[in-house]
Number of protein chains: 2
Amino acid sequence: MAKPTPLSGFPEFLPEERFVEQQVIATLARTFELHGFGNIETRAVEPMDQLLAKGETSKEVYVLRRLQADPEQGDAGMGLHFDLTVPFARYVLENAGKLEFPFRRYQIQKAWRGERPQEGRFREFTQADIDIVMKDELPFHFDVEVARVMAEALSGLPLPPLTLRVNNRKLIEGFYRGIGAADPQRVITIIDKLDKLPQEKVGELLVSDAGLTDKQAEQCLGLAAISATDTSFVEAVRALGVEHELLETGLAELAAVMEGCAGAQSDRFSVVASLALARGLDYYTGTVFEVFMEGFEFLKSVGGGGRYDALASDGRTTYPGVGLSFGISRSLVPLIARGHLGASRKVPSAVLVALADEESRPASDAIAQQLRASGVPCEVAPSAQKFGKQIRYAERRGIPYVWFTTGHPDEGGTHEVKDIRTGEQVAADPATWTPPTEDLRPQVVTKEQNA
Amino acid sequence: MAKPTPLSGFPEFLPEERFVEQQVIATLARTFELHGFGNIETRAVEPMDQLLAKGETSKEVYVLRRLQADPEQGDAGMGLHFDLTVPFARYVLENAGKLEFPFRRYQIQKAWRGERPQEGRFREFTQADIDIVMKDELPFHFDVEVARVMAEALSGLPLPPLTLRVNNRKLIEGFYRGIGAADPQRVITIIDKLDKLPQEKVGELLVSDAGLTDKQAEQCLGLAAISATDTSFVEAVRALGVEHELLETGLAELAAVMEGCAGAQSDRFSVVASLALARGLDYYTGTVFEVFMEGFEFLKSVGGGGRYDALASDGRTTYPGVGLSFGISRSLVPLIARGHLGASRKVPSAVLVALADEESRPASDAIAQQLRASGVPCEVAPSAQKFGKQIRYAERRGIPYVWFTTGHPDEGGTHEVKDIRTGEQVAADPATWTPPTEDLRPQVVTKEQNA
C-alpha cells in the first residue's frame, strides 16, 4: 500500500514519545496506589442509552456495528465510551455486591469523541481518573482526600506548572441564595462565562437574564473575583456581608480542601480557591475542580471533577462519589509535539553488545543475557559491521554504552565497556557490571517550557 | 437505572482480578524492555480497506460511525482493529522515516472482533505482541531472538505450564516438494486438520484432495508425527529419506530456534519442535509459532506468530518481520474465572491507619503520609468506629496491618502496628517502619491448576 498518512484527531506517539507517556502513567499509578486506590479497566463499549443519558455529548458518540451483523443478534445500541465516568458508574452498579465501599479506584484508559479535532481536543485520548464511591452517604473528608491525592500525583509529573482550581457549589449557591437570587443555577451559568466575556458584559447578563439588581450583580462579580492559595478567601467572602447556611457549609468545605492540599503547594504546583469556578455540569453538588497548565491556557482545563451526590443509583441504593480526571493526551500531546518533553534515548537498551563476527553471536548473546540478569536492558548488534559502524548504530539510538570482547572470552579474552558519550573504555565483568542508575533506563527530558 | 448485566464477550475484572492482569503485563513489559523492545500504542481505529485486506476476518470487524455524522465529513470507512499486526504494519509504513531499523517493538493493547463469544474467545480482548521489523532484509537470527524473548517472558508468568510449539514453513514445504507433491500449499492445509480429524482420515484427504500417492501421504504423516524438545528432530526427518534444498534450510533454521530457546526449557515451560504445526495463514514464510496452555487445550492456542517476509510494503521498500503474540485475555480470563489465579488482597493498601475519633483525622493522615514516604501503600479508616470494626474493615479487604496511635503523639502518645493475621502488635515509628517486602504490595496467588 502507499504510505499512509496520520488520521486527524487520533494522535500516535513514536516509541521515544510513548516512553514519556508510559512514565507519566507509571508515576500517576504509583501515587494512586500509595493512597490505596486500586486499578480497574472497563470495556470500551457501553449501551447507547447509557451514553446518551448525558444529553450534551450525544452527537459526539461513536456508534458500533458489526460489518456483517446478524440482524437477529445485532450489536445495535452499542457505542464507544466518551469518558470514564459513565462506564465507572455502570461498573459500580453491576458489581456493587462484590466491591468493598468506600471504593477507591483509578482508571487510565482511552476514550473516544467524534468531535472536530483541534490541538488538545482529540477523537481518541487517554485520561486518568480517580474516584471514591460510597453507598448512601459519602463523608465530606473524601473530597479533601481526592484533591490531595491528585495534587500529589500531578505535582510529581514533568509538566509545566499546574494549577488545581477548587470551588464549592454549596458556597456559590448559598451566596446567590443569600443575596436573594431567584434562580441560582441561572446565575452559575452566567458566571461561568467570565472566562469568555468581559466582566461588565457578564454583569449586564446577570441583570437582564438572571433578574438580579445592579447591587446583586455586583456582589456576584465580587464573589467571582476572589481567589486565594490558602484559606484567606473565607474572610474575603465574609467581607461581602452575605449570610446563608449553605454558604457557611460551602466555606467550611472549601477551607478544608485548601488546608488538606497545603502540602502540595510548590512553585510547580498551586492549589487555588477560585470562587469564579462553577463547572456548568449540574450533577456536581459540592466541591468542584479544574486543572490548568501554565503556558497552555488555550487548552482550557487539562483536568477536572468534583463531588456528585448521585454518581449512580439502581433505584434502591444511591452511590455518591467524588473524583478527579486528568487529561493525559490533552496535556502530553501538545507538550511532546512542541518539543517540551522527550526521552533521553530511542530504545530501552542501555548497552549494545558489539559483534566481532557472525560466528561469535552466541557468545555476544550470552554476554547480553548476563547483563540482563543484572537488570540491564541491552541488545546485540544486528550484524558484524566494523566497530565504528556499530558505535554509530548505538549513537543513532542514544544507547550510551557499547560492550566489546577482545579475543575469545573462554581463551583469556577480555571484556571492555565504552561510554560512547565520553569515549572512556574500561575493563568490565558482564556478571557484575551495571551502569549508573540514571543510564539504566531512558530518562524523561524536559526542555525550557518557554521555548 | 436498573442493575446492569454483563455484556457477553466483553470481560471485565474486579479490582483484585485486574491486579493479576497488571502484574502479568508488567512482567511481560519488563522482559521485553530488557531485550531492547520499545513500547508503542496504535489508535483503536484503522481504515476499513486496511482491515479488510485480510479477507478471512472481514465479517468480524466493528465499523464505526459518529452518531450524528456530518455527511460531507463522515467517518465512514473506519473500524476497530481486530489484531495488533495490521495497525503495526501501517504504523511502520507511516513512520518509516523516523524509526530506527531493526525496529523492536512491543505492544499491549485491546483488540475487537465481532465474533460469537465463547470461553476464551471475546469481542474485546487484550494481547501482547513483540515484533522485529527490518527494511528489505531481516537476517534469520531475529527469528531466534523473538522466540527466546517470548519464551523468557512467558516462562516468568504465574500460568499453568505453557508449550511454545515451533515449526518452519520452508522445512515442510521443502519436504513436500522433495517427495514430489504438486501443490504443497494444499498439503499444508490438509495437514493442518490433524488437530480435528483422525490421522487416517487426513491421510485419505492427502490422496483424494492433494493428489498424493499412498506412499507420499504416509511420508507426510510421518513428518507431522515428529516432535522434539531439542534438535533431535533433524535426524528423525533425515530418516524419512527426503531431500530438497528448501528442506535443508528449514531444518537448519528450526534447529537454530531450538538451540536458541534451550535456556527457557523448564518443567513450567517447554519449547517443542512440532512438525505438524503449519498455521494456515499464508503470509508466514519461515518460522511459525503457537503457544498452548496445559489443561486449557480447549482454548486452542493462547499465542502464535512467525516470520513474514512482507509485513508491509509501500511499493518501494518492503519491511520483513518476525513476531509473536500472546493472548492475555484468552489465557487470564478463564484462569481467573475458575479461581486458579487471584490476588492476596482486594486493595493496594498494606496498612489501615486506625482513627480514634474524627478530630484526630489530620493526625492519622499525617501518619499515613509518613508511611507513604517510605513507599508503603496505606489508607486511613473511613470513620471512627470501634477498633474491632476497623480491624474487620481491614480484614474484609485483606489489608494485613492496622496502625494504632494511643494518646496524642505530640504528647508522648505511642504508635503500634498490629499484624491482624497473627494478632501480634508491636511499637513502631511511622517514619521508619515498613512491612516485609511480600506484604508491601498485593501478591498474585496461584491455586492448584488441576482443581
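**View 1. Open five-stranded sheet of chain A in the predicted model.** In chain A, five strands in the order S15-S14-S16-S17-S18 make up an open sheet with mixed pairing. Strands are DSSP runs of E with at least two residues, helices are runs of H or I with at least four, and both are numbered from the N terminus; two strands pair if DSSP finds at least two bridges between them. Strand S15 (378–380) and strand S18 (425–427) of chain A are the edge strands, each pairing on one side only. On average, neighbouring strands of this sheet are turned by 25 degrees against each other, direction ignored.

**View 2. Pairing of S17(A) with S18(A).** Strand S17 (residues 414–419) of chain A pairs with S18(A) in the antiparallel sense, over three bridges. Opposite Glu416(A) stands Ala427(A) in S18(A).

**View 3. Helix H12 of chain A on the sheet.** Helix H12 (residues 361–373) of chain A lies across strand S14 (351–353), S15, strand S16 (401–406) and S17 of chain A. H12(A) runs at about 180 degrees to S15(A); axes are lines fitted to C-alpha atoms, for helices over the stretch in contact (heavy atoms within 4.5 Å), and angles run from 0 to 180 degrees between N-to-C directions.

**View 4. Relation of chains A and B.** Chain A is superposed on chain B by a rotation of 180 degrees with 0.0 Å of shift along its axis (RMSD 0.0 Å), which is the relation of a two-fold axis. In chain A, the C-alpha of Leu64(A) is nearest the axis, 2.4 Å from it. Both copies use the same surface: 100% of the contact residues of chain A recur in chain B.

**Notes.** Residues are numbered from 1 along each chain as its sequence is written, and chains are lettered from A and ligands numbered from 1 in the order in which they are written. In this predicted model local features need pLDDT of at least 70, side-chain atom pairs count only at pLDDT 80 or more, and totals for chains, interfaces and linings use all residues; side-chain values use heavy atoms, with hydrogens and water left out.

Methods: Least-squares fit on C-alpha atoms with pLDDT ≥ 70 in both.
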